[in-house]
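Subject: Handover of a structure model and findings

Dear colleague,

Please find below the sequence and the structure that I am handing over to you. My findings follow directly after them.

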Amino acid sequence: MEKRFVYADNAATTNVSETAFNAMLPFLKEQYGNPSSIYSLGMDAAKAVLNARRQVAEVLGAARPSEIFFTSGGSEADNMAVIGGAELGAKSGNRHIITSNIEHHAVLHSCEYLEGKGFEVTYLPADENGLISAEQVSNAIREDTALVTIMAVNNEIGSIQPISEIGSICRERGVLFHTDAVQAVGHMEIDLQKSCIDMLSLSGHKFHSPKGVGALYVRSWIDLPSLIHGGAQERGKRAGTENVAGIVAMGAAITEAAADISARSERLAKMRDRLTDGILASIPHSRLNGGIKCRAAGNVNVSFRGIEGESLLLALDIAGIAASSGSACTSGSIDPSHVLTAIGLPEELAKGSLRLTLGDNNTDDDIDYILKVLPDTVKKLRRMSPMWQRICREEGIDDYTI
Ligand SMILES: *Cc1c(COP(=O)(O)O)cnc(C)c1O
């Protein structure tokens, strides 16, 4: 089989779609006005930002466009929701926060920051499939709980949380509910009208708009404190001249993604299942991380015994396959993924993990190529791995690599 380039890291980022690219171009060239200026060039830019706000609100089912606050991305939206939500609670003496132990670091590190400011945080443990139940949330809510923040879809193992149920419980108990939906928006149906989500984070570059633009949805009655001070932009909550081109691109991309969400996700799920089954069948001593049910359509996360994830990534890169081990944000550090550790993987298996996340540009030929390259790569690495040889010796495994 001829060498090809296969991008299988769509949970890290996606390419900019043709639609998003074309939508943003005028705002990088002739339409350069500042949306706060009163002449036509400025007002046209303001109109474009408003139009994008309407597009995002419409796709999410938000009651009004003014509930959408543009940010620099998912991390900023998470910080704004978690820190802002906590500060809001503190005003009425509520200083307890509930989250899970498999959240993105944008949420976890915001929680740690709040702990340093005297807040108390409950980290709900995910089960072996990476799921948090509404019951766990319900049992953890206290008199002084200010905020519950549980992600919609995990970025490493793709587990889909029951956010509608969790939202209903929070609403019943009068507690704010935020969800990091960065891996969900553009990939699965979200209807804020039908759900009790109070705040929701999204990021453009996870659904084919450029990097550096995202949004936080905040239900209209919530008066979140400002994150960035210095201007009236984003209703005074987030000062700074708007990233007009990025915002316009994101509006176009979210509309494009929403148009055929179920057909796209069906196609991805088929490729995901073929890839998962193929890997588990052809590579001995491999396992799937996270459950099969309630799993994001494009997510495959597997571990191979006796392998270092980093060496595997390098070998795959040489073969033209872009993938990740743990999450992109933590690659380069030698710590095993906090998500894989949280769902019970021993350090050896957590470090020997491979995440392949499929996206709209992947084809069946890509899957064939990965299934062709991966087993040989794992075999070669194991042949050179003292760890694998030790495992074989200690556990009486017949070493198939020799
Ligand atoms: C990518 C990601 C983020 C961070 O978004 P950025 O726009 O890159 O800051 C936050 N949460 C999840 C679940 C993500 O996948």
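Where is Arg-235 found? Arg-235 is in the loop between E8 and H7. Please bear in mind throughout that this is a predicted model.

**The loop between E8 and H7**

Two residues of this loop deserve a look at their backbone angles. Arg-235 has a phi near 50°, a positive value in a residue other than glycine. Glu-234, which is also found in the loop between E8 and H7, has a positive phi of about 50° although it is not a glycine.

The side chain of Asn-243 makes polar contacts with backbone atoms of two residues. One of its polar atoms lies 3.3 Å from the backbone oxygen of Gly-212, and the side chain reaches the backbone nitrogen of Gly-246 at 3.0 Å. Leaving aside residues up to four places away in sequence, Asn-243 touches Gly-212 and Val-213. Gly-42 is 201 residues from Asn-243 in sequence, and the C-alpha atoms of Gly-42 and Asn-243 are 13 Å apart in space.

**The ligand and its surroundings**

The ligand is surrounded by 13 residues, of which Ser-75, Asp-180, Gln-183, Ser-203 and Lys-206 are the closest. By class, the shell around the ligand consists of two nonpolar, eight polar and three charged residues. Helix H3 (residues 74-90) gives the most to this shell, with three residues.

Several side chains approach oxygen atoms of the ligand:

- Ser-75 has a side-chain N or O atom 2.7 Å from an oxygen atom of the ligand.
- Lys-206 has a side-chain N or O atom 2.8 Å from an oxygen atom of the ligand.
- His-205 has a polar side-chain atom 2.9 Å from an oxygen atom of the ligand.

Taken alone, the ligand exposes 380 Å², and the protein buries 86% of that area.

Gln-183, one of the closest residues to the ligand, lies in the loop between strand E6 (176-180) and strand E7 (199-203). Gln-183 counts as buried because its relative accessibility of 13% is under 20%. A polar atom of the Gln-183 side chain lies 3.0 Å from the backbone oxygen of Ala-11. The residues that Gln-183 touches, not counting those up to four places away in sequence, are Ala-11, Val-153, Asn-154, Asn-155 and Lys-206.

Thr-357 is buried because its relative accessible area is 5%, under the 20% limit. Its contacts, not counting residues up to four places away in sequence, include Ala-8, Asp-9, Asn-10 and Ala-11, together with Gly-298, Asn-299 and Asn-362.

Ala-296 is found in the loop between strand E9 (286-288) and strand E10 (299-304). At 12% relative accessibility, Ala-296 counts as buried. Not counting residues up to four places away in sequence, Ala-296 touches Val-153, Gly-158, Ile-160 and Arg-272. Ala-20 is 276 residues away from Ala-296 in sequence, and the C-alpha atoms of Ala-20 and Ala-296 are 24 Å apart in space.

**The two domains**

How is the protein divided, and which residues does each domain hold? Domain 1 covers 18-259 and domain 2 covers 261-395. Their C-alpha centres lie 29 Å apart. Between them, 28 residues of domain 1 are in contact with 23 residues of domain 2.

With kind regards

Methods:
Residues numbered from 1 in each chain as written. Predicted model: local features only at pLDDT ≥ 70, side-chain atom pairs only at ≥ 80, totals over all residues. Heavy atoms only, no water. Near = heavy atom within 4 Å. Polar contact = N/O pair within 3.5 Å; in protein donor to acceptor, adjacent residues only side chain to side chain. Areas by Shrake-Rupley, 256 points an atom, 1.4 Å probe, with all protein chains shown as cover. Helix = DSSP H or I, 4+ residues; strand = E, 2+ residues; numbered from the N terminus. Nonpolar A, V, L, I, M, F, W, Y, C, P; charged D, E, K, R; others polar. Contact = heavy atoms within 4.5 Å. Domains from an automatic or database assignment. Buried < 20%, exposed > 50% of the residue type's maximum accessible area, 1.4 Å probe, protein only.
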